[in-house]
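User: I would like a close look at one part of this model. Please keep it brisk.

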Amino acid sequence: MEAYFHIAERDFPKALKDNFFQEVYGEHGRINEREYRLLPITQWFDETEKFKDNFAVVQVKRTRHLKTKTEQETSYYITSLKEDVKKVAGYIRGHWAIENSQHWILDGVPQAHRFAA
């Protein structure tokens with residue numbers, strides 16, 4: 001997927017520009033930036049058949065500016081949603097909000113009260 005986005009930047013940058021969404025916000029003494037790019041799945045993928053029920057790939061670049069350092073990471077997602085990039089970004093953020101809240105709850109529960117799944 002990384003190569004697909006690289007080729008898109010080189011060969012059809014307008015597709016990336018048209019399917020781009022950015023969020024910037026600050027909390028707890030840091031600034032968070034998220035850049036979302038969405039590209040439809042095309043015949044460029046060697047094994048397109050494996051993605052037949054999916055519509056697009058999404059690249060999320062996260063940058064966190066802390067007082068003394070900057071952290072960056074890039075994640076990729078495959079989606080069957082035929083939504084615009086802003087809506088897909090909301091779904092991704094919603095997923096991580098649920099994931100993070102579960103960790104927070106478990107971190108607040110004494111070890112003896114945790115249950116194995």
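User: Which residues are linked with Glu71 in a network of salt bridges?

Analyst: Arg64, Lys69 and Glu71 are linked in that network. A salt bridge here is a side-chain nitrogen of Lys or Arg within 4 Å of a carboxyl oxygen of Asp or Glu. This is a predicted model, in which local features need pLDDT of at least 70 and side-chain atom pairs count only at pLDDT 80 or more, while totals for chains, interfaces and linings use all residues. Residues are numbered from 1 along each chain as its sequence is written, and side-chain values use heavy atoms, with hydrogens and water left out.

Take the two contacts of Glu71 in turn. Glu71 forms a salt bridge with Arg64, and their closest N and O atoms are 3.7 Å apart. Glu71 also forms a salt bridge with Lys69, with the closest N and O atoms 3.4 Å apart. Side chains of opposite charge can pair when their charged atoms come close.

Now the exposure of these residues. Glu71 counts as partly exposed, at 31% relative accessibility. The scale is simple: buried means under 20% relative accessible area, exposed means over 50%, and partly exposed lies in between (1.4 Å probe, protein chains only). Arg64 is partly exposed at 34%. Lys69 is partly exposed too, with a relative accessible area of 45%.

Next, the sheet. Four strands form an open sheet in the order β1-β2-β3-β4, with antiparallel pairing. Its edge strands are β1 (20-27) and β4 (70-79), and each pairs on one side only. On average, neighbouring strands of this sheet are turned by 15° against each other, direction ignored. Axes are lines fitted to C-alpha atoms, for helices over the stretch in contact, and angles run from 0 to 180 degrees between N-to-C directions. Strands (E, at least two residues) are DSSP runs, numbered from the N terminus. Two strands pair if DSSP finds at least two bridges between them.

Inside the sheet, strand β2 (residues 30-40) and strand β3 (residues 56-65) run antiparallel, joined by ten bridges. Glu35 stands opposite Lys61 in β3.

Finally, the wider count. The whole structure holds nine salt bridges. One of them joins Glu83 to Lys87, with the closest N and O atoms 3.8 Å apart. Glu83 is partly exposed, with a relative accessible area of 28%. Lys87 counts as partly exposed at 46%.
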